There are 6 protein chains.
Amino acid sequence: MATVKLMTDQEAEAIPAVKAVFDEIRAARKSDFINNFWRGLAHDPAQLARIWGQIKAIMGAPGALDPLTRELIYIAVSTANGCSYCIHSHTAAARAKGMTGAQHAELVAIIGLAGQTNHLATALQIPVDPEFQVK
Amino acid sequence: MATVKLMTDQEAEAIPAVKAVFDEIRAARKSDFINNFWRGLAHDPAQLARIWGQIKAIMGAPGALDPLTRELIYIAVSTANGCSYCIHSHTAAARAKGMTGAQHAELVAIIGLAGQTNHLATALQIPVDPEFQVK
Amino acid sequence: MATVKLMTDQEAEAIPAVKAVFDEIRAARKSDFINNFWRGLAHDPAQLARIWGQIKAIMGAPGALDPLTRELIYIAVSTANGCSYCIHSHTAAARAKGMTGAQHAELVAIIGLAGQTNHLATALQIPVDPEFQVK
Amino acid sequence: MATVKLMTDQEAEAIPAVKAVFDEIRAARKSDFINNFWRGLAHDPAQLARIWGQIKAIMGAPGALDPLTRELIYIAVSTANGCSYCIHSHTAAARAKGMTGAQHAELVAIIGLAGQTNHLATALQIPVDPEFQVK
Amino acid sequence: MATVKLMTDQEAEAIPAVKAVFDEIRAARKSDFINNFWRGLAHDPAQLARIWGQIKAIMGAPGALDPLTRELIYIAVSTANGCSYCIHSHTAAARAKGMTGAQHAELVAIIGLAGQTNHLATALQIPVDPEFQVK
Amino acid sequence: MATVKLMTDQEAEAIPAVKAVFDEIRAARKSDFINNFWRGLAHDPAQLARIWGQIKAIMGAPGALDPLTRELIYIAVSTANGCSYCIHSHTAAARAKGMTGAQHAELVAIIGLAGQTNHLATALQIPVDPEFQVK
């Protein structure tokens with residue numbers, strides 16, 4: 001159960017600032033489906049617009065990383081942070097962008113290995129090598 | 001400061017199981033440089049071999065994800081886990097594999113955005129949409 | 001499902017050290033409701049008393065921060081730690097202490113922004129400015 | 001050491017999009033001091049503007065929570081996330097906004113107590129009480 | 001719900017590399033029960049073998065720590081990482097290896113106390129005493 | 001650098017509630033050394049007493065787990081939480097209580113393995129097996 005009520009389409013229709021973002025999400029995704037994350041955020045229309053604006057700019061605009069790689073990075077962060085909702089939503093998004101079963105398996109293996117070596121380096125408090133300094 | 005002594009080359013030479021892994025790392029990387037992580041792990045030669053074996057298999061073998069993408073995922077996990085050593089070593093590794101400044105900037109922006117939406121979804125305890133179920 | 005059995009009122013009545021804490025909680029809250037957290041802790045009566053004692057001293061005694069601000073801080077930590085139970089119980093407690101929808105929305109936005117800039121500062125490994133040193 | 005070079009004032013002057021944000025920060029804070037966080041972000045001017053825009057909107061605009069309470073929440077999240085830079089910068093910011101030693105001590109005690117009960121609720125996997133459901 | 005399908009026994013039987021690991025797990029545990037973790041990993045047979053190989057080597061081989069102590073450490077890490085699945089599976093494993101209710105209660109109390117002092121030391125950014133340096 | 005001043009012995013002598021705890025710590029440890037953690041906490045004498053009281057009760061009293069095992073659990077939590085100070089202080093404490101190099105190596109390997117499988121179970125969102133339910 002959520003700590004806020006999830007906004008229904010009927011409620012969203014009545015708040016122009018929310019309706020505007022929901023309309024944009026539907027247009028961008030060419031789908032009528034609005035997932036729960038946006039319905040939870042919608043009680044704060046300014047925040048809803050800020051988050052959607054960033055998603056468009058960081059995940060949607062052309063750039064130096066392809067759209068699938070961006071989703072893999074998103075899943076990696078969400079896993080390390082233990083955000084169940086985000087793992088589900090971005091794994092689904094990655095699949096929609098073409099992630100194969102083999103790519104998912106490699107992603108998961110890298111996440112697990114990083115989790116392991118992160119813990120090892122932290123337990124041993126390994127000092128950073130001066131060779132890693134950015135030039 | 002580390003919680004173990006970092007093994008010197010002279011000490012490593014005297015332990016065949018450690019020398020074998022250090023030799024492999026040097027050959028694989030075509031460099032004489034052994035970074036501190038391995039020098040901290042070397043007191044447990046079996047663990048040293050296990051971790052190096054996984055690095056080879058998961059980060060080094062041909063597969064469905066290219067080597068740079070793998071490093072980006074590694075940096076993402078290490079950042080969310082707050083492993084300073086790992087962030088430095090894998091950012092250096094990504095640069096060595098061709099990561100550009102623009103790619104790094106996008107990676108960092110995605111990590112930050114995921115950090116934000118992870119916290120939002122968790123604070124609001126958003127329930128997973130049934131639409132995300134794997135088929 | 002919990003990793004321990006949740007203690008029922010009937011069981012609690014039979015253990016004086018547990019009954020004493022449950023009675024105190026009920027009196028302090030002017031409510032008969034004992035939430036599951038205390039029922040899980042009750043198998044270790046000394047720990048139950050230690051935790052309740054701290055809650056009284058840190059959350060309940062008059063001091064430099066008002067009761068609602070204390071709950072907002074509690075929700076913030078619980079969110080960053082991903083403790084679903086604690087997010088729910090302290091969001092309910094904050095509402096009981098007068099938290100409005102607008103205050104909750106601002107709290108959630110700050111938590112999200114902090115999550116984002118925490119990840120950015122960590123990914124970039126920004127060194128602490130000497131200006132921040134406590135005087 | 002950072003994973004990017006920290007941008008100097010001389011470099012920032014030469015990039016209009018960076019100069020514009022640095023100028024705004026200086027005006028808003030009535031101080032010439034630009035802390036390292038912004039110097040690290042400046043290599044991605046669009047991201048620099050996005051983050052500063054959110055700081056202004058979420059931390060700086062009038063609202064339902066006072067400016068000091070916002071900083072306390074920021075410190076709480078940053079501590080749970082282990083972001084050393086952010087703990088230092090926002091503790092300094094809270095002091096600049098009037099945080100007393102007594103308020104800081106209470107904040108730290110609440111953060112510690114939340115850390116403890118978060119771990120207890122998680123170790124025991126306490127199920128959320130239906131009474132906490134948002135109405 | 002999982003982000004991958006959990007492999008059934010019938011499917012596992014048809015993949016020799018999976019069947020081999022499942023057979024080993026059953027033999028090692030003297031039980032026909034294969035828990036969901038392995039059924040989720042099984043889609044990547046090489047990873048399944050790597051993880052099982054480590055479990056055998058690190059958790060199962062004779063060494064300097066007894067089997068129950070190893071499980072207590074595993075629960076401690078899993079709690080701090082908020083891994084609900086792992087907390088459940090390793091608490092069950094610890095009970096199967098003889099963990100008493102009193103030992104579980106002490107474990108949980110230590111985990112909670114460490115959670116608290118971790119947050120305190122981080123909030124206060126306490127510098128490491130030179131006396132703790134490894135000799 | 002800390003976010004509070006570390007209290008000197010001279011300052012502590014002048015505050016009876018602090019002096020009392022410092023004296024107790026010195027007596028319990030049969031050593032004049034007071035580590036920085038206590039010097040940071042000392043500005044809040046009530047909190048200093050609460051934390052020291054818990055350390056005595058949970059780490060120092062006879063019970064179902066031996067003193068070294070308690071320290072290993074403490075290190076495990078502190079590592080997963082990334083608390084550098086706590087990793088150093090409790091690794092030193094464990095060594096003082098007899099932890100051998102072999103025990104430390106096993107501890108670190110278990111912490112690393114748990115880190116890895118925590119990340120795998122979370123990435124795959126493995127559902128808890130009903131067999132793990134506490135009876």
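Two residues are in contact if their C-beta atoms, placed from the backbone, lie within 7 Å. Keep in mind that this is a predicted model, where local features need pLDDT of at least 70, side-chain atom pairs count only at pLDDT 80 or more, and totals for chains, interfaces and linings use all residues. Residues are numbered from 1 along each chain as its sequence is written, while chains are lettered from A and ligands numbered from 1 in the order in which they are written.

**View 1. T122(B) and its contacts in chains A and C.** Find T122(B) in helix α7 of chain B, residues 101–124; helices here are DSSP runs of H or I, at least four residues, numbered from the N terminus. Setting aside neighbours within four places in sequence, T122(B) touches C83(A) along with T79(C), G82(C) and I87(C).

**View 2. Helix α7 of chain C.** This helix has 24 residues, 101–124, and reaches 35 Å from first to last C-alpha, close to the expected 34 Å. That expectation is 1.5 Å times one less than the number of residues. Since 21 of the 24 residues are buried, α7(C) is largely enclosed by the rest of the structure. After α7(C) comes Q125(C), with a positive phi near 50°.

**View 3. K30 in chain D and in chain F.** Most residues other than glycine have a negative phi. K30(D), however, has a positive phi of about 50°, and K30(F) has one near 45°. K30(D) sits in the loop between α2 (16–29) and α3 (36–41) of chain D; it is exposed, with 6 C-beta neighbours inside 10 Å. K30(F) lies in the loop between α2 (16–29) and α3 (36–41) of chain F, and K30(F) is exposed, with 6 other C-beta atoms within 10 Å.

Terms used. Helix = DSSP H or I, 4+ residues; strand = E, 2+ residues; numbered from the N terminus. Buried ≥ 20, exposed ≤ 12 C-beta atoms within 10 Å, placed from the backbone.
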